[in-house]
Amino acid sequence: MAASVPFMSTDVGIVKYLPGGVVSNQEDISYWIEKLYYDDKLRSDLGRIGNKYAFKHMRIKDKVDLLEK
């Protein structure tokens, strides 16, 4: 996400709550691979959304500060 690359995942853990990627069932994952490969705008938009989220919510310093409290 920090590298502005959209992610692809099946529905595991909390991934369905993260922006910037595609959560799919196993049967549809090949559709999404092809869709992201050919759709430059979608790929760029998802990458930008994920990057913005990562830099706002996933900074190492913030996580260390949280653990030290």
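Biologist: What makes Ser-9 count as buried or exposed in this model?

Modeller: Keep in mind that this is a predicted model. Ser-9 has a relative accessible area of 15%, and buried means under 20%, so Ser-9 is buried.

Biologist: Where is Ser-9, and which residues is Ser-9 in contact with, leaving aside its neighbours within four places in sequence?

Modeller: Ser-9 sits in strand β1, residues 7-9. With those neighbours set aside, its contacts are Val-15, Val-22, Val-23, Ser-24 and Ile-29.

Biologist: OK, now Ser-4. Why is Ser-4 called partly exposed?

Modeller: Ser-4 comes out at a relative accessible area of 37%. Ser-4 belongs to the segment before β1. Its phi is near 60°, a positive value in a residue other than glycine.

Biologist: On to the helices. How do you know how α1 and α2 are oriented to each other?

Modeller: Two packed helices are described by the angle between their axes and the distance between the axes. For α1 (residues 29-38) and α2 (residues 40-57), the axes come within 5 Å and cross at roughly 95°. Angles from 65 to 115 degrees count as roughly perpendicular, so α1 and α2 get that description.

Biologist: And which residues make that contact?

Modeller: On the α1 side you have Trp-32, Lys-35, Leu-36, Tyr-37 and Tyr-38. From α2 come Asp-40, Leu-42, Arg-43 and Leu-46. By class, the contact of α1 with α2 has six nonpolar residues, three charged and no polar.

Biologist: Zooming out, what is the pattern of the protein chain along the sequence?

Modeller: It reads β-β-α-α-α, that is, three helices and two strands.

Biologist: What makes you say the protein chain is more spread out than a compact globule?

Modeller: Set the two values side by side: the radius of gyration is 14 Å, while the globule rule gives 11 Å for 69 residues. The chain's value is well over the rule's, so the protein chain is more spread out than a compact globule. Along its principal axes, the C-alpha trace spans about 45 × 25 × 15 Å.

Biologist: How much of the protein chain is buried, and what is its accessible surface?

Modeller: Buried residues are 19% of the 69 in the protein chain. Its accessible surface is about 5,400 Å², with 58% of that belonging to carbon and sulfur atoms. As for contacts with a separation of 6 or more, 44% are between residues 24 or more positions apart.

Definitions and conventions
Residues are numbered from 1 along each chain as its sequence is written. This is a predicted model: local features need pLDDT of at least 70, side-chain atom pairs count only at pLDDT 80 or more; totals for chains, interfaces and linings use all residues. Side-chain values use heavy atoms; hydrogens and water are left out. Axes are lines fitted to C-alpha atoms, for helices over the stretch in contact, and angles run from 0 to 180 degrees between N-to-C directions. Angles under 35 degrees count as roughly parallel, over 145 as roughly antiparallel, 65 to 115 as roughly perpendicular and the rest as oblique. Contact means heavy atoms within 4.5 Å. Ala, Val, Leu, Ile, Met, Phe, Trp, Tyr, Cys and Pro count as nonpolar, Asp, Glu, Lys and Arg as charged, and the others, Gly among them, as polar. The radius of gyration is taken over C-alpha atoms; the globule rule is 2.2 Å times the number of residues to the power 0.38. Buried means under 20% relative accessible area, exposed over 50%, partly exposed in between (1.4 Å probe, protein chains only). Accessible areas come from the Shrake-Rupley method with a 1.4 Å probe; for residues, only the protein chains shown count as cover.
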